[in-house]
Amino acid sequence: MSVSMSGTEQLQNSGSKESFLNWLEARVKNAERSFMNALDADMWSSGTASGGKQIGGMQLLISDDATGTVGGIVAGSNTFWQNQFYDFSTNSLAASASTIQRAMNTLWLNCSRNNDKPDLIFADNTYFSYFEESLQAIQRITSAERGKSGFGGYAYKDAEVLPAGGMSGNCPSNHMYFVNTDFIHYRPHADRNVEVIGGDRESTNQDAFVRLIGWAGNMTVSNRRMQGVIVA
């Protein structure tokens with residue numbers, strides 16, 4: 001990712017040193033916001049875009065049918081590497097506010113072992129709405145601070161349920177992910193965690209400079225059996 005500024009733009013904003021720095025910093029911040037939006041999309045992906053250089057996101061690490069190859073291990077021939085899933089269609093149910101908790105109860109048990117349990121649940125707009133509607137009569141506030149300021153999530157057993165959709169959300173439609181964060185991680189490289197690479201680079205054939213911002217890393221999972229997903 002790069003941020004550029006032409007010599008003309010520098011002159012137009014050269015009333016003071018501070019105004020130039022503010023303009024440049026604003027461009028860098030906007031670039032970082034755009035990058036984080038793109039990174040969020042990648043984190044929900046199957047990792048196949050950009051010639052395989054895309055992050056291996058949730059659709060890869062927690063697949064809809066427990067298949068796939070993650071970390072070089074083929075789930076189809078290694079049952080210990082298969083994540084859990086609940087498919088409404090194979091259970092002859094239609095997803096709705098009256099059935100969402102039945103699916104969640106089943107998947108929770110399948111993703112639990114002794115003290116290992118899901119601690120975060122992410123849902124797209126549809127499934128989050130189903131869950132929210134199923135709780136209207138018994139709404140729970142998980143903290144006093146959240147109750148005072150309003151809240152966007154709910155508690156389900158030991159896990160917090162959060163919307164991963166919203167406006168232009170990147171969570172796949174009709175999906176709810178049960179995540180055990182002891183075994184699944186976002187791993188950016190310390191030297192490329194949305195960091196400026198080197199100094200400003202001047203063009204050899206035009207009056208301008210470019211500032212490069214880089215990121216490197218991936219998402220990893222060490223125990224797929226403790227992760228799960230509800231699909232339609």
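Predicted model: local features only at pLDDT ≥ 70, side-chain atom pairs only at ≥ 80, totals over all residues.
Student: How many bridges join β9 to β10?
Tutor: Two strands pair if DSSP finds at least two bridges between them. β9 and β10 form a hairpin with 5 residues between them, and H185 has T220 in β10 as its bridge partner. The two strands run antiparallel, and the bridges joining them number 11.

Student: Which residues have the most contacts inside the largest nonpolar core?
Tutor: A nonpolar core is a set of buried Ala, Val, Leu, Ile, Met, Phe, Trp, Tyr and Cys residues joined through side-chain atoms within 4.5 Å; buried means under 20% relative accessible area, exposed over 50%, and partly exposed in between (1.4 Å probe, protein chains only). The largest such core has 24 residues, and those with the most contacts inside it are W44, M58, L61, I62, Y177, V179 and I184. At least two residues of this core come from each of α2 (17-43), α3 (58-61), β8 (175-179), β9 (184-202), β10 and β11. A second, separate core of 21 residues includes I100, L107, Y154 and V161.

Student: Which residues does S222 contact, leaving aside its neighbours within four places in sequence?
Tutor: S222 is placed in the loop between β10 (208-221) and β11 (228-231). Its C-alpha atom is separated by 5.1 Å from that of F183, 39 residues apart along the chain. With contact meaning heavy atoms within 4.5 Å, the partners of S222 beyond those neighbours are W81 and F183.

Student: Why is the pair of F131 and Y154 classed as it is?
Tutor: Rings of Phe, Tyr and Trp (its six-membered ring) pair if their centres lie within 6.5 Å; planes under 30 degrees apart count as stacked, over 60 as edge-to-face and the rest as tilted. This rule gives 12 aromatic pairs. F131 lies in helix α5 (residues 125-134) and Y154 in strand β6 (residues 154-156), so the pair ties together parts that are 23 residues apart in sequence. Because the ring centres of F131 and Y154 are 6.2 Å apart and their planes stand at 85°, the pair is edge-to-face.

Student: Which residue forms a salt bridge with D116?
Tutor: A salt bridge is a side-chain nitrogen of Lys or Arg within 4 Å of a carboxyl oxygen of Asp or Glu, and the structure holds 1. In that of D116, the closest N and O atoms are 3.6 Å apart. The partner, partly exposed at 40% relative accessibility, is R113.

Student: Is N114 buried or exposed?
Tutor: N114 lies in the loop between α4 (100-110) and β5 (120-123). Its phi is near 55°, a positive value in a residue other than glycine. With a relative accessible area of 70%, N114 is exposed.

Technical notes: Residues numbered from 1 in each chain as written. Heavy atoms only, no water. Helix = DSSP H or I, 4+ residues; strand = E, 2+ residues; numbered from the N terminus.
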